[in-house]
Amino acid sequence: MAAHLKPRRRFSFGRPKYFAAACIFAIITYFIVNWHPALRLGSSKPRDVAGNFTLGFQKIVVLSEGPSWRTRGLKAAAGYSGINLDIPIQPPLTNEMIDAFQNMGPTSVPHLRGRGEAKNWLSFLDIIKYIVAQELESALILEDDVDWDVLIKNSMKLLSDAVREFTWTGKEDRSPYGHSWDLLWIGHCAEPTRNDTRRLLYDDPSAPHPGKYIAPLWFPWPKESMDGLTPGMRSVQMGQHTDCSFAIALSRRGAIKVLKFAGKGEDTQFDTRLKNGCKKKDLFCLVVTPELMHHYVPPAEFGHISAVADANERGSRAEEEEFEHIIGNTPNILRSARCKALFDSTCPGPGQ
């Protein structure tokens, strides 16, 4: 009796399809987990998250009026450093809105110095509303002419360690900077630190020499403003006298508080309002000094002015093209990421 042969099993194209779909799903999952810090907290150390594509915040948003030498240089620096930026389109501001905000509040309170300050203040409020509307847990706001050291990701990891230790953040909190702060001032132009300041000193090889620190001409800066700091050292402390808003991080709670506190004006400029809120404990503010980010400055002979000064009709604006190919500098930054990306040079700040 002839043996019955089992029919050969036909090759199915379904399994390769399932395998390909599984591979695509795994790749997508990998990128989502690595690009979104909130999803990485369970498997990564907090300090490692601080060195990701958004420096440990849920998003980095840029305050900008539109494409210019500022944004082109910022994008180049971000590309070199492996940082993701969100540059939302700012809603238009009418002259009537600017005039109304400039004159808001009773005569007994301080008022904005000029139209440029009013425009800058309203633009900050708009971008903070953008953060709140997206329900972000945290966001870092950058001005579009900001710059940082080529070692910024390592510096942010060190800052994560310092902030968590300074605020006594427990191990159960896996966020890179904890949750105790409203505002984390990362980029500024002045914040003194003294031996009697409650602070945490920590090592950072990218920190500038304290004796060569460049403070604004209008800011009183005695020699003891950097007491106790040595080259390659920074301090984390409570914000008390911080000026300039080059780079500020806000928690979700902090963003809402800033909208309420700063939404009614009653000061000479936006960063001054924040500083006074920090001093009066209306906002819980932390600051790193010397700063990790500062604004990039094209050569003085080109007549560069800030967007605020431009709106106030002070100074003269050089042609955009002139800024694109001439090396400037960034105060208090040892190795500029902008310069490295644009000119393959680190162009350290004055005196560094």
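## Aromatic cluster and ring pairs

Pairing of rings joins Phe101, Trp121, Phe124 and Phe270 into a cluster. The model is a predicted one, in which local features need pLDDT of at least 70, side-chain atom pairs count only at pLDDT 80 or more, and totals for chains, interfaces and linings use all residues. Residues are numbered from 1 along each chain as its sequence is written, and side-chain values use heavy atoms, with hydrogens and water left out.

The structure holds six aromatic pairs (rings of Phe, Tyr and Trp, the last by its six-membered ring, with centres within 6.5 Å; planes under 30 degrees apart count as stacked, over 60 as edge-to-face and the rest as tilted). In one of them, the ring centres of phenylalanine 57 and tyrosine 177 are 4.9 Å apart and the planes lie at 15°, so this pair is stacked. Phenylalanine 57 belongs to the loop between α3 (46-49) and β1 (59-63), and tyrosine 177 to the loop between α7 (152-166) and β4 (183-187), so the pair ties together parts 120 residues apart in sequence. Helices (H or I, at least four residues) and strands (E, at least two) are DSSP runs, numbered from the N terminus. Phenylalanine 57 and tyrosine 177 are both buried (buried means under 20% relative accessible area, exposed over 50%, partly exposed in between, with a 1.4 Å probe and protein chains only).

The rings of phenylalanine 124 and phenylalanine 270 are also stacked, because their centres are 4.5 Å apart and their planes are at 10°. Phenylalanine 124 lies in helix α6 (residues 115-133) and phenylalanine 270 in helix α9 (residues 270-279), so parts 146 residues apart in sequence are tied together by this pair. Phenylalanine 124 is buried at a relative accessible area of 0%, and phenylalanine 270 is buried at 1%.

## Charges over rings

The charged end of arginine 198 sits over the ring of phenylalanine 166, 4.1 Å from its centre (NZ of Lys or CZ of Arg within 6 Å of the ring centre and within 35 degrees of the ring normal). Arginine 273 lies over the face of phenylalanine 261, at 3.8 Å from the ring centre.

## Nonpolar cores

The largest nonpolar core has 38 residues, of which Phe57, Leu140, Trp148, Met156, Leu159, Ile186 and Met293 touch the most other members (a core is a set of buried Ala, Val, Leu, Ile, Met, Phe, Trp, Tyr and Cys residues joined through side-chain atoms within 4.5 Å). Helix α7 gives the most to this core, with seven residues. A second, separate core of 31 residues includes Leu93, Ile98, Ile131 and Cys278.

## Packing of α6 and α8

The axes of α6 and helix α8 (residues 252-262) come within 9 Å and cross at roughly 145° (lines fitted to C-alpha atoms, for helices over the stretch in contact, with angles from 0 to 180 degrees between N-to-C directions). Trp121, Leu125, Ile128, Lys129 and Val132 in α6 meet Ala255, Ile256, Val258, Leu259 and Ala262 in α8, where contact means heavy atoms within 4.5 Å.

## Backbone features in loops

The peptide bond from threonine 289 to proline 290 is cis, with omega near -5°. Proline 290 is found in the loop between β8 (285-289) and β9 (293-295).

Cysteine 244, although not a glycine, has a positive phi of about 75°. Cysteine 244 is in the loop between β6 (233-238) and β7 (247-251) and counts as buried at 13% relative accessibility. Lysine 281, also not a glycine, has a positive phi of about 70°; this residue is in the loop between α9 and β8 and counts as exposed at 54% relative accessibility.
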